[in-house]
Amino acid sequence: MDAKGLRERKKHETRIALSWAAIRLTVERGYDNVRVEDIAAEAGVSTRTFSNYFGSKGEAIVARHHDRARAIAEALRQRPAGEPIWTAIAEAALAGFALGEPVTEGRPPEPSWVEGLRLMVAEPALQGESQKAGAAAETEIALVVAERTGTDAATDVYPRLVAGVVGAALNTVMRQWLLADRPQSMEDLLRDVFGRLAAGLPEPR
C-alpha cells in the first residue's frame, strides 16, 4: 500500500474509533453526560482531531449508520451487472451491513454494537442526526441504483423509490433484531426482508 493509501486507511480507522468511542461512552454515561473532549480522549486523539471528522457528538454516534449505507452502496456497485436488482441489493446489504461486525456464521453480536443501535433508535436527541444520516444514505444508494438501471437519480422516480424502500427495510431489520427476545441471525432477517421485497411484498399467509 502506498503512502496515500496508508493515510486514507488511518483516517478511516480514526473515524471508526471516534464513532465507537462516542457510542460506548454514551451507553455508559448517558447522552447528556458525554462531552466531545471525553470522546476524543477515549479514542486517543485530540479534540481538534475530533472536529476534523465530526461536527458534534451526535454526528459521531450515527456515523456508523451512514458508513454502513455507503458500504452497501459500494457493494451494490460491485455486483454483477446482469443480476436482478433485488438479488443484488440483498447481497450488497448482507455484505455492507456488517461493517466488520459478526452478523453472520451464528456468532453473537458485540454488546457495544447492540447498545449503539438501541441508543440510535431510542435517544430523542439523536433523531435529527439519524434522519440526516438516513437521507444521505438514501442518496448514495439511489445513485448506484440509477447506474445499474440506466435511470437518473435526480429526475426519475425508480432509483429514489428503491433507495427509500432499502432504507425502510434496513430500519425494519434493525428494529426486529433489537426487539427479539432471543438473539436472531441478522443474515436470516436480511434475507427474509429482501426476499419479501423481491417477491413483490405479498400478503402473509
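**Close-up views of helix packing in a predicted model**

**View 1. Helices α1 and α4 cross in a left-handed manner.** A crossing counts as left-handed if the near helix is turned anticlockwise from the far one by less than a right angle, and as right-handed if clockwise. The structure is a predicted model, in which local features need pLDDT of at least 70 and side-chain atom pairs count only at pLDDT 80 or more, while totals for chains, interfaces and linings use all residues. Residues are numbered from 1 along each chain as its sequence is written, and side-chain values use heavy atoms, with hydrogens and water left out. Helix α4 spans residues 57-77 and packs against α1 at an angle of about 120°, the axes being 8 Å apart. Axes are lines fitted to C-alpha atoms, for helices over the stretch in contact, and angles run from 0 to 180 degrees between N-to-C directions. Helices (H or I, at least four residues) are DSSP runs numbered from the N terminus, as are strands (E, at least two). The contact (heavy atoms within 4.5 Å) includes Trp20 and Ile23 of α1 and Ile61 and Arg64 of α4.

**View 2. The crossing of α1 and α2 is right-handed.** The two axes come within 8 Å and cross at roughly 120°. This angle makes α1 oblique to α2; angles under 35 degrees count as roughly parallel, over 145 as roughly antiparallel, 65 to 115 as roughly perpendicular and the rest as oblique. Among the residues that meet are Leu18, Arg24 and Leu25 in α1, and Ile39 and Glu42 in α2.

**View 3. Glutamate 42 and arginine 24 form a salt bridge.** Their closest N and O atoms are 3.6 Å apart; a salt bridge requires a side-chain nitrogen of Lys or Arg within 4 Å of a carboxyl oxygen of Asp or Glu. The pair links distant parts of the chain, with glutamate 42 in α2 (residues 36-43) and arginine 24 in α1 (residues 3-29), 18 residues apart. The structure holds 15 salt bridges.

**View 4. Residues 35-54 carry the UniProt feature "DNA-binding region" (unreviewed entry).** UniProt positions are given in the numbering used here, feature names are shortened, and annotations may be inferred rather than shown by experiment. This stretch is 75% helix and 0% strand, with its end C-alpha atoms 13 Å apart.

**View 5. Helix α7 passes α8 in a right-handed crossing.** Helix α7 (residues 127-149) and helix α8 (residues 157-179) pack at about 130°, with axes 8 Å apart. The two helices are therefore oblique to each other. Ile141 and Val145 are among the α7 residues that meet α8, where the partners include Tyr158 and Val162.
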